[in-house]
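Let us go through this structure by question and answer. Have the sequence and the model in view.

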Amino acid sequence: MKKHTRLQWLGFKFAGIFLMISMLAFIYLTARLIPEYQLYSMITLDNIIIYNGKVITALGGIPVYIYAFFFSFRTILQKGVERLKKGTLIGTIWGLFSLACFVFFMCMSWIVPLGLMALDYTLCDEEGDVPGLYYASKPELCKTIIANP
C-alpha cells in the first residue's frame with residue numbers, strides 16, 4: 001500500500017470513528033438533557049404547560065443520529081477508501097423513516113403552539129421576567145409562575 005493511500009485509509013477510518021463517537025454523544029445528551037417535566041406537562045395538559053419547540057425537534061433528530069451512527073459504522077467496515085457502492089434495504093428504509101420523523105417533529109414544533117392557543121391556553125410573557133415557554137389555562141395563573149434565576 002502506498003504511503004498516501006495508507007494516510008487516506010487512516011483518515012477515512014478515524015473520520016468514521018469520530019462520527020460514531022459524536023453521534024453517540026448527541027444521542028446521550030439529547031436523552032439526558034431534555035427535562036422530563038416539560039414533556040410530562042405537554043402530555044397531561046395541566047393548568048400550566050411548559051413548552052419548548054427545541055425539545056420536540058431534538059426528539060425528532062434521534063433517528064437521524066442513529067442512522068448516521070450505523071452509516072459511519074458501515075464505512076469503517078468497508079475495505080479501502082472508496083465510496084459505498086450499494087445501499088442496504090434496511091438502511092434505505094431507516095433513512096427515509098428518520099427523515100420523515102425529523103420533518104414531522106419539526107412541523108409539530110411549529111403547530112403545537114397553535115394547538116395550545118386553540119385549546120384556550122394563553123402565553124405567559126406579559127412582563128418579560130417569565131420566559132415565553134409557559135402557557136396557562138387562565139391568565140391569572142401566569143402571575144403565579146416564578147422564573148428560575
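Helices (H or I, at least four residues) and strands (E, at least two) are DSSP runs, numbered from the N terminus. This is a predicted model, where local features need pLDDT of at least 70, side-chain atom pairs count only at pLDDT 80 or more, and totals for chains, interfaces and linings use all residues. Residues are numbered from 1 along each chain as its sequence is written, and side-chain values use heavy atoms, with hydrogens and water left out.

Q: In what order do the elements of the protein run from the N terminus on?
A: The protein has four helices and three strands. Read from the N terminus, the order is α-α-β-α-α-β-β.

Q: Is I49 buried or exposed?
A: I49 sits in strand β1, residues 48-50. Buried means under 20% relative accessible area, exposed over 50%, and partly exposed in between (1.4 Å probe, protein chains only). The relative accessibility of I49 is 0%, so I49 is buried.

Q: Which residues does I49 touch, not counting residues up to four places away in sequence?
A: A contact means heavy atoms within 4.5 Å. By that test, and leaving out residues up to four places away in sequence, the partners of I49 are S41, M42, L116, Y121, L133, Y134 and Y135.

Q: Which residues form the largest nonpolar core?
A: A nonpolar core is a set of buried Ala, Val, Leu, Ile, Met, Phe, Trp, Tyr and Cys residues joined through side-chain atoms within 4.5 Å. In soluble globular proteins, nonpolar side chains tend to be buried together. Here the largest such core has seven members: I49, Y51, I56, V112, L116, Y121 and Y135.

Q: How many residues are in the second, separate core?
A: Its members include I50, Y134, A136 and I145.

Q: Where does Q78 lie, and is Q78 buried or exposed?
A: Q78 is in the loop between α3 (53-77) and α4 (89-118). Not counting residues up to four places away in sequence, Q78 touches F12, K13, R83 and L84. The relative accessible area of Q78 is 17%, so this loop residue is buried.

Q: What share of the 149 residues in the protein is buried?
A: I49 is one of the buried residues, and Q78 is another. Across the 149 residues, the buried share is 28%.
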